[in-house]
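Thanks for coming, everyone. Let me put the chain on the screen, and then we will walk through it.

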Amino acid sequence: MTRVTANKEVAINIIILPNGTVKFDEIDKTPYIGRVLQPLQIKAKKSNDALAGRLIYDAFDNKMSELPFGERDRCGLYTLLENDIVQFVIAKDKRDGMMRATQISLLDQSFLKSKEHREMGIVIKLDNTSGGQIKCFLSDQVVPFRFSEVMKDNFQISEGDPLEFSLAISPNNG
């Protein structure tokens, strides 16, 4: 219900609906496999495009198709890189019919098919809230990490644990 106040409509009698009452997306549960064309940029630069990521996949008609995706469409908080192989489903916005990839998860195939160099190291320091530091076995280099980059959902990391990881340039340095 609305009421006119000073020649303006204002909302009144507002009721908070339970989560999930209003659904903007129609989700196709068919899983697809695709490849990341354009990864999401870290929030260092403000972007008006909420769906800044892009992936490519083989559609049913054997044509390669592109879909956008956004920050909230990933299953984990870890960084997706260009050419990563992912599994996803397609969401169609009920309001404007726009389609996007969602429920995106990184597949182990990414590490088998990519030329990504994997490092090994040991956890030497932990910060209970954000991450910690890893000392590389081969180079004695110490690198920081964030818990959001850990690939498994239920994990316990302790100082002294051996880890396998990839190194990437942090966009926050400079």
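Start with a definition: two strands pair if DSSP finds at least two bridges between them. Strands themselves are DSSP runs of E, at least two residues long, and helices are runs of H or I, at least four residues long, both numbered from the N terminus. Now the ground rules. This is a predicted model, so local features need pLDDT of at least 70, side-chain atom pairs count only at pLDDT 80 or more, and totals for chains, interfaces and linings use all residues. Residues are numbered from 1 along each chain as its sequence is written, and side-chain values use heavy atoms, with hydrogens and water left out.

Overview first. The chain has one helix and 11 strands. In sequence order the pattern reads β-β-β-β-β-β-β-α-β-β-β-β. Of the 174 residues, 28% are buried. Buried means under 20% relative accessible area, exposed means over 50%, and partly exposed is in between, with a 1.4 Å probe and protein chains only. The chain exposes about 13000 Å², and carbon and sulfur atoms supply 52% of that area. Those areas come from the Shrake-Rupley method with a 1.4 Å probe; for residues, only the protein chains shown count as cover.

Next, contacts. A contact means heavy atoms within 4.5 Å. Take the contacts with a separation of 6 or more: residues 24 or more positions apart account for 52% of them.

Let us go through the pairs. Strand 8, residues 118–127, meets strand 11 in the antiparallel sense over five bridges. There, Met120 has Glu164 in strand 11 as its bridge partner. Strand 8 also pairs with strand 9, residues 131–136, antiparallel over six bridges. In that pairing, Leu126 stands opposite Gly132 of strand 9. Strands 8 and 9 form a hairpin, with three residues between them.

Gly131 faces Arg146 of strand 10 as its opposite number. This is a hairpin too, with five residues between the strands. In its turn, Asp140 has a positive phi of about 65 degrees. A reminder while you look at the side chains: in a regular strand they alternate between the two faces of the sheet.

On to charges. A salt bridge here is a side-chain nitrogen of Lys or Arg within 4 Å of a carboxyl oxygen of Asp or Glu. How many does the rule give? The count comes to seven.

Look at Arg100. Its salt bridge with Asp25 has the closest N and O atoms 3.0 Å apart. Arg100 lies in strand 7, residues 99–106, and Asp25 in strand 3, residues 25–38, so the pair ties together parts that are 75 residues apart in sequence. Buried or exposed? Arg100 counts as buried, because its relative accessibility is 16%. Asp25, at 23%, counts as partly exposed.

Arg100 has another partner, Asp73, with N to O at 2.9 Å. Asp73 sits in the loop between strand 5 and strand 6, residues 85–93, and is 27 residues from Arg100. Both Arg100 and Asp73 are buried. Shared partners join Asp25, Asp73 and Arg100 into one network.

Asp93, in strand 6, also touches Asp25. Asp93 is buried, with a relative accessible area of 12%. Leaving out residues up to four places away in sequence, Asp93 touches Phe24, Asp25 and Met98.

One more salt bridge: Arg54 with Glu66, 2.9 Å from N to O. Arg54 is in strand 4, residues 53–58, and Glu66 is in strand 5, residues 64–69, 12 residues apart. Arg54 is partly exposed at 28% relative accessibility. Glu66 is partly exposed as well, at 43%.

That is the tour. Over to you.
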